[in-house]
Amino acid sequence: MGLCWLPHRSAYSRVMWPLMSAVMSVLPVAGEVLAVRLQPVPASSCWARANRSDRLLEPTALGGRQGSRQCGLGGRRGCCSVGLWGTWWPHGDGELGSSTLLHHSAPQGNRKHGMFTLAEVASLNDIQPTYRILKPWWDVFMDYLAVVMLMVAIFAGTMQLTKDQVVCLPVLQSTINSKAQPSTSGKADFTTVETTTGQGEEASMRTVSFGSAPTVTPDVPLSRATSPQYQPTESSQEVKKEQKDSSGRKTNLDFQQYVFINQMCYHLALPWYSKYFPYLVLIHTIILIVSSNFWFKYPKTCSKIEHFVSILGKCFESPWTTKALSETACEDSEENKQRLTGAQSLPKYVSTSSDEGSPSASTPMITKSGFKFSADKPMIEVPSVTILDKKDGEQAKALFEKVRKFRAHVEDSDLIYKLYVGQTIIKTFKFIFILCYTANFVNTISFEHICNPKVEHLIGYTQFECTHNMAYMLKKLLISYISLICVYGFICLYTLFWLFRIPLKEYSFEKVREESSFSDIPDVKNDFAFLLHMVDQYDQLYSKRFGVFLSEVSENKLREISLNHEWTFEKLRQHVSRNAQDKQELHLFMLSGVPDAVFDLTDLDVLKLELIPEAKIPAKISQMTNLQELHLCHCPAKVEQTAFSFLRDHLRCLYVKFTDVAEIPAWVYLLKNLRELYLIGNLNSENNKMIGLESLRELRHLKILHVKSNLTKIPPNITDVAPHLTKLVIHNDGTKLVVLNSLKKMMNVAELELQNCELERIPHAIFSLSNLQELDLKSNSIRTIEEIISFQHLKRLTCLKLWHNKIVNIPSSITHVKNLESLYLSNNKLESLPAAVFSLQKLRCLDVSYNSIAVIPVEISLLQNLQHFHITGNKVDLLPKQLFKCVKLRTLSLGQNCITSIPDKVGQLLQLTHLELKGNCLDRLPATLGQCQLLRKSGLVVEDHLFDTLPLEVKEVLNQDTSIPFANGI
């Protein structure tokens, strides 16, 4: 039989090393490894060197599970050692190392099957450090309790692996015979094995043998003790003498039978809970750890949580948040000072509005409010905080966009809330389950047990009385574990109470709104609300700062500061240009707002704001005394009361381009001194009512109304301005304009344009406009103009534009429109010009371009007042000489025809300034062009090779400066 040699250790060391190892294993040190490993060592190598002397120790276990594990007496000859973070390794000389415990950071190569690392267990409870803001105090407390329970499990498991054993003795049927037997009999086959623990660091084991049992002495190895050549020494004789003095009860069992029965009774007599208590605690603790942090690991929730924590941290540290808080503190401090001292109002950085008067209920004005975010300590406003760094400003803008998108993504579900509630309920049921079945096993753990293994045919006894050396320790650990799990359970119950006490799927920023000027911070719901509630358990300042990025007022303020920092007065001055009317014009396109420096351009005449959704016009606009024209292109601008008063009195022309009629600022209809209004956008019949009958009544000085839309009828409210309206322009997008009866009320209209309205005839309502001077029916579907005879009632009609239609012929009744001065019939289907047209003696402009006319009638000479004649794009091949009798011609367009020659009489057109001949079949130009005193090369539209055919002196005349001849002509 092989016995086991272990390093020399005291009982204290053998207990404390596992305990210290268990405690160290739960410390949060990266890379620490908890290795529990059984390493078999051959019996021949079971030598230990302690204190530089070899000592023979008793077997470390007499039976039970530990005995078989450590000494391998159940059929395997050898021994094993148990260590934490390492193993007792044999050396080449057959001895073990000098009781040196390997360091906890053992090489990776030493990790074998049966080992597990603390990192593998701790990873179940591993969360990112930034997630701590989502862990309220109860979750943190439960995490610590879980760590303590994990320590209990590891400690109990370590003690069980190193110290757990059962020692059994048979229960004799008759005690009389055993008492009668002399205690010193050398014939008895009785072996008593007992373990004694000495004080200090040394311990010894004694074996008392009778009969044929071998005598084991403390200082002799087992192999030498059983060898026939071995001769007892003097010390062994002393031990024999001491053994003879001992006495015991005769059982007739040898050592191997004791080991066997100890193992049997360990599995049969001990309650199962005593054997598996450490593993159950470990499993339950791992389940609780997983349940506590599952919402951080679940894919559908961890991504949202990670995104939320990232955004929240950036919002908390953003310089814009600090600026908003500091500016509010400054303003609060100033207001408190004013209230206490009664001093005059001091100017503030963001305050530019006038306090004169207040807007009425019907006036759509905005009231500018300061940004007052409460702070514990008032701060003094300094110029350094008024301007954000460009990079910080861009980051803040990006945060606003991220918060907006995250809110839209998270608010539509409550998965995070349900998962957290679910894992809390699971932990609560787990606590109840553990408590119910664990409490029943407290009394089953005892030191003494009765064992009936039913192996009488092998042992000779039916009943044994056993002792369990770990009973008291396990009972204390079990009571401690129950106490911990009770505390854990009560915290779970409190968590459920908190979850259902208030509606966590709704979060209100009411307190923040009351303390600050950000009154537009919206309330949130579902998972977004739940996450904010969790953050409030950590620190409410996070939610307060986060609310800054939910406010549109705050976002607009940020845009305003960044905008003013980028668009300075000097930069805006560089963008000022002069338009066709020689007016100073500034066009701002796709900005986040209107820079404050714009209103310092006091000499500006025209201001164009395009695609600026958050445009605000402050009171500073009153400095722009020259401003008379304003363009709002997809820009629903808001104005302050003082700014509105200025615009109402000074603005003369307003352009409003919109997508929906609701985008038209309401204050537009209150500009009583407005002269011209241009509305460009969708105004179909269903939306006409949104303008309202009272909308245009306030525009008492409106003269020109231009509507470019998709109308099916003329809005009735346009008639509100009919008495003083002089020009009405309706440009449709191809929608057929059906109802035109409202035109009859516009008696003072002098100019009327109905373009692209799909008209097939000239509307009869037009004939009632007695003051009409110009009629433009461009781009319709008019085929016949027989109604033109009715124009004779329109005595003031001087200009008739019927271009871009489908007119085939001109009726002779046109002669009745005697006052006609301009007639536009281009882009129709005319094939000839009737003689009636040339009876219009007052005609000064005739445009018949892009038709199918082949001949210019000789009657054209009757038009002695004709100054502009356009016949481009027809089929004319010959120019009559009578054409050049119209000596007042200034513009003659003959391009894109079939003309082969130009008569020399063209030189009679002394006032000709523009001559178009390009696109004909000419081979030369007449030299008489030099007689046209006002004609210059810039006004001569002809191919270059034709221009080269002119004599040199004619070229020189045509290339002269236009200023002198033009002056002479005048």
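Apart from neighbours within four places in sequence, Gln628 is in contact with Asp605, His650, Leu651, Arg652 and Cys653. This is in a predicted model. Gln628 sits in the loop between strand 15 (616–617) and strand 16 (629–633). Gln628 has a relative accessible area of 43%, so it counts as partly exposed.

## The chain as a whole

The protein chain has 24 helices and 30 strands. Of its 970 residues, 49% are buried. Among contacts with a separation of 6 or more, 61% are between residues 24 or more positions apart. The chain exposes about 47,200 Å², and carbon and sulfur atoms supply 54% of that area.

## A buried loop residue

Asn780 also belongs to a loop, the one between strand 23 (774–776) and strand 24 (799–801). Is Asn780 buried or exposed? Its relative accessible area is 6%, and because buried means under 20%, Asn780 is buried.

The side chain of Asn780 has a polar atom 3.0 Å from the backbone nitrogen of Cys757. A polar atom of this side chain also lies 3.1 Å from the backbone nitrogen of Glu758. Leaving aside neighbours within four places in sequence, the residues in contact with Asn780 include Leu754, Gln755, Asn756 and Leu759, as well as His804 and Asn805.

## The sheet and its helix

Strands of a sheet pair through backbone hydrogen bonds, either parallel or antiparallel. Here 3 strands form an open sheet in the order 5-9-8, with antiparallel pairing. Strand 5 (166–170) and strand 8 (448–451) are the edge strands, each pairing on one side only. From one strand to the next, the twist averages 25°. Helix 8 (residues 255–268) packs on this sheet and touches strand 5, strand 8 and strand 9. The direction of helix 8 makes about 115° with that of strand 5.

Strand 5 and strand 9 (residues 464–468) run antiparallel and are joined by 5 bridges. In one of the pairs, Pro170 has Phe464 in strand 9 as its bridge partner.

## The disulfides

How many disulfides does a search of the whole structure find? The search finds 2. The table gives their sulfur distances and the torsions about the S-S bond.

| Pair | S to S distance | Torsion about the S-S bond |
|---|---|---|
| Cys168 and Cys466 | 2.0 Å | 110° |
| Cys265 and Cys451 | 2.2 Å | about -90° |

The link of Cys168 and Cys466 is right-handed. Cys168 is buried, with a relative accessible area of 1%, and Cys466 is buried with a relative accessibility of 1%.

The disulfide of Cys265 and Cys451 is left-handed, because the torsion about its S-S bond is about -90°. This pair links distant parts of the chain, with Cys265 in helix 8 and Cys451 in strand 8, 186 residues apart. Cys265 is buried at a relative accessible area of 1%, and Cys451 is buried at 1%.

Cys436 is partly exposed, with a relative accessibility of 48%. Cys932 is buried, with a relative accessible area of 0%.

Technical notes:
Residues numbered from 1 in each chain as written. Predicted model: local features only at pLDDT ≥ 70, side-chain atom pairs only at ≥ 80, totals over all residues. Heavy atoms only, no water. Pairing = 2+ DSSP bridges. Helix = DSSP H or I, 4+ residues; strand = E, 2+ residues; numbered from the N terminus. Axes fitted to C-alpha atoms, helices over the stretch in contact; angles between N-to-C directions. Contact = heavy atoms within 4.5 Å. Buried < 20%, exposed > 50% of the residue type's maximum accessible area, 1.4 Å probe, protein only. Areas by Shrake-Rupley, 256 points an atom, 1.4 Å probe, with all protein chains shown as cover. Polar contact = N/O pair within 3.5 Å; in protein donor to acceptor, adjacent residues only side chain to side chain. Disulfide = S-S within 2.5 Å.
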